[in-house]
Amino acid sequence: MIALLRGTLIEKHPNQVILDAGGVGYEVTIPVSTFSKLPDVSAQAVLYVHTHVREDILALYGFAGRDEKALFEKLIGVSNIGPGL
């Protein structure tokens with residue numbers, strides 16, 4: 001399970017980033033609150049990550065802090081609320 005990524009910010013969009021960690025580019029979905037806390041492209045960044053695995057998808061959701069990640073994990077534990085929501 002991927003829990004944290006540290007690396008170079010390759011691309012930065014309001015809902016998604018690509019982070020190069022150890023030569024691998026990870027596509028990570030992020031909330032706008034995390035986007036506003038990220039450094040400029042080409043700078044080093046750290047994301048706390050929730051790895052979401054289903055039979056048809058492996059998705060990474062990244063957050064600027066542990067508290068945001070913990071809140072996200074509590075919310076997706078509620079029925080009928082998925083990570084995309």
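P31 sits in the loop between β3 (24-29) and α1 (32-35). Helices (H or I, at least four residues) and strands (E, at least two) are DSSP runs, numbered from the N terminus. This is a predicted model, in which local features need pLDDT of at least 70, side-chain atom pairs count only at pLDDT 80 or more, and totals for chains, interfaces and linings use all residues. Residues are numbered from 1 along each chain as its sequence is written, and side-chain values use heavy atoms, with hydrogens and water left out.

P31 has a relative accessible area of 27%, so P31 is partly exposed. The scale is simple: buried means under 20% relative accessible area, exposed over 50%, and partly exposed in between (1.4 Å probe, protein chains only). Leaving aside neighbours within four places in sequence, P31 is in contact with P14, G62 and F63. Contact means heavy atoms within 4.5 Å. L58 is 27 residues from P31 along the chain, and their C-alpha atoms are separated by 18 Å.

Which residues build the largest nonpolar core? It has 12 residues: L5, L9, V17, L19, A21, V28, I30, L38, A45, L47, V49 and L60. Such a core is a set of buried Ala, Val, Leu, Ile, Met, Phe, Trp, Tyr and Cys residues joined through side-chain atoms within 4.5 Å. Strands β1 (4-13), β2 (16-21) and β4 (44-54) are the elements that each give two or more residues to this core. Leaving aside neighbours within four places in sequence, V28 is in contact with L5, N15, Q16, V17, L47, L60, Y61 and G62.

D20 is in strand β2. At 27% relative accessibility, D20 counts as partly exposed. D20 touches R6, G7, T8, I10 and G25, not counting residues up to four places away in sequence. L5 is 15 residues from D20 along the chain, with 8.8 Å between the C-alpha atoms. G25 belongs to strand β3. Its relative accessible area is 53%, so G25 is exposed. Leaving aside neighbours within four places in sequence, the contacts of G25 are I18, L19 and D20. E11 is 14 residues from G25 in sequence and 9.8 Å away in space, C-alpha to C-alpha.

Now the charged pairs. Side chains of opposite charge can pair when their charged atoms come close. A salt bridge is a side-chain nitrogen of Lys or Arg within 4 Å of a carboxyl oxygen of Asp or Glu. How many salt bridges does this rule give? The count comes to 2. In one, K37 pairs with E68, and the closest N and O atoms are 3.5 Å apart. K37 lies in the loop between α1 and β4 and E68 in helix α2, so the pair ties together parts that are 31 residues apart in sequence. K37 is exposed because its relative accessibility is 56%. E68 is buried, because its value is 19%. Not counting residues up to four places away in sequence, E68 touches S33, T34, K37 and F63. In the other, the side chains of R54 and D56 meet at 3.1 Å, N to O. R54 is partly exposed at 48%, and D56 is exposed at 55%.

Helix α2 also holds K69. K69 is buried yet has no salt bridge. The nearest side chain of opposite charge is E73, 4.0 Å away. In this comparison Lys and Arg count as positive and Asp and Glu as negative, while His and the chain ends are not counted. K69 touches A3, Y48, V49, H50 and F63, not counting residues up to four places away in sequence.

S42 is in the loop between α1 and β4. Most residues other than glycine have a negative phi. S42 has a positive phi of about 85 degrees although it is not a glycine. At 58% relative accessibility, S42 counts as exposed.

L71, L75, V78 and I81 make a nonpolar patch of about 330 Å². Patches are made of residues with over 30% relative accessible area and no salt bridge: like charges are joined within 9 Å, nonpolar side chains (Val, Leu, Ile, Met, Phe, Trp, Tyr) within 5 Å. Accessible areas come from the Shrake-Rupley method with a 1.4 Å probe; for residues, only the protein chains shown count as cover. V78 lies in the segment after α2 (66-76). V78 counts as partly exposed because its relative accessibility is 43%.
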